[in-house]
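Please look over the chain shown here before reading on.

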Amino acid sequence: MPTQRQLRVNNLLQEEISGILRTEIHDPDIGFVTITGVEVTADLREARVYASVLGDEDEVHQTMAALHRARTSIRSALGDCIQLKYLPELTFELDDTARHAQRIEALISKFEREVEQTAGPSLQSIAEEAERNFGATVRQIAQLLTQGRPTAIFIHRDPDGDALGSGLALSLALQQLAQSVPVVCPDPVPSRYQFLPATDRVTNEVPQRFEVAVILDAGDRSQLGELASAAEQAEVVVWIDHHQTNQGGADIDYLDPTAAATALLLRPLIDTMGATVTPDIATCLYTAVATDTGFFTFENSCAGALAAAAELVQNGADPHGIATAARKQYRMAVLRLRGRVLTSLSTYEAGRIACAELTPGDFAIAGAEPEDTEGIIELLKTLTGSQVQVLLKAVSHDRWRVSLRSPVIDVAALAAQFGGGGHRAAAGCTMIGALPEVRARLLKAVASMLLEER
Ligand SMILES: [Mn+2]
């Protein structure tokens, strides 16, 4: 951890070196360069200066070489404008993609500090700063995609709003540039996303010939299912994604885990490509951001996502229409099953345990299948005052699949008592016996864990 003093010197050097490069160094070999950070050693004798450079590999190389040549004159110019006991030796290093996430975090927290101190820079400038960090990558991708080379977009299996919205938005943007680009996906478009424009471009057929593959919203290659190897056949593979766990490894990686949705990474790309955000493109991008943030309720619902969404509404997206269309819809059997489960709901331990069950009879009367219980336990979680939720689902007359949820007790440990497992807050097990007896055993175990909590 750098000391406060180091941080102060880092900031000072970053500011001064940026100024010196702008006004005092006139080497034509130095291209469009941004000083994104400085790290000074504890003894303040050496400083690493991180530079992000726009342009292709040659331009980057040329600029870095020129910065290296200019380091002595920059250092002496520094001596004229700052008072430090030692003037550190400067080493210039390229701020490459791998450093972006870290740098952006540092930039944002720097901004946050400044916001606390003063009225500070706007959100806009945070976005601009972040965009500048990915600027080179975005420009490179835009350049590649506007060359008219045959291209295919790949999105992950079981496509969600972000995968489809991102894929279709990019395809529509490329259409403006007279390119017809399919959105390749192993699975069909779910009915609740059929309202999106141009869904006829979604296909599970890999085009005969394509040179560029753009992979969108897939956290790893296996997410493309059986089409993963097809995507790799392209001459150039571009990977655009926001999953925390994405390891990258394509020819061009554009990965930003701080983005709430992949669609947000496409915004600057579409602009740089010179395409316009039409109402259709806005609809695709808004759907992507809205669904990936749970309609702005998940933890990733940051100001940036909301600001981008507001802009997309200005561009023609209809929030009410999209929310209505993309809302989950259920078959009659599923809703009837939900009715049965709510009827069976009981509470124990002064309302702290909520327990419900679905017997073989409930499934038969509702006309429902075991997979129709998905999400039912979420209903139990909405009961005021309940701290543990228990749902027993009949597999047969004497076999019960048990789902357990709790923000209070470790339900994984609870499930383990009955040969099951899971996570601390969500777990499950299978129990054998008649319902009253199984329920009694289970509730006794839950109650004793709750007692320990008190
Ligand atoms: Mn996503």
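The model is predicted, with local features requiring pLDDT of at least 70, side-chain atom pairs counting only at pLDDT 80 or more, and totals for chains, interfaces and linings using all residues. Numbering starts from 1 along each chain as its sequence is written.

Along the principal axes, the C-alpha atoms of the chain fill a box of roughly 85 × 55 × 40 Å. An automatic or database assignment supplies the domain bounds: domain 1 covers 4–95, domain 2 covers 136–326 and domain 3 covers 332–453. Between the C-alpha centres of domain 1 and domain 3 there are 61 Å.

The chain has 16 helices and 15 strands, taken as DSSP runs (H or I, at least four residues, for helices; E, at least two, for strands) and numbered from the N terminus. Of its 454 residues, 35% are buried; a residue is buried if 20 or more other C-beta atoms, placed from the backbone, lie within 10 Å of its own, exposed if 12 or fewer, and partly exposed in between.

Helix 1 runs over residues 4–23 and spans 29 Å from its first C-alpha to its last, close to the 28 Å expected (1.5 Å times one less than its number of residues). Its buried residues are Val9, Asn10, Leu13, Ile17, Ile20 and Leu21. They line one face of helix 1 because, seen down its axis, they fall within an arc of 110°, taken over the directions from the helix axis to the C-beta atoms. An α-helix has 3.6 residues a turn, so residues three or four places apart point the same way.

The buried residues of helix 1 pack against strand 1 (33–40), strand 2 (46–53) and helix 3 (71–81), where contact means C-beta atoms, placed from the backbone, within 7 Å. On the other side of helix 1, Gln4, Arg8, Arg22 and Thr23 are exposed.

Technical notes. Contact = placed C-beta atoms within 7 Å.
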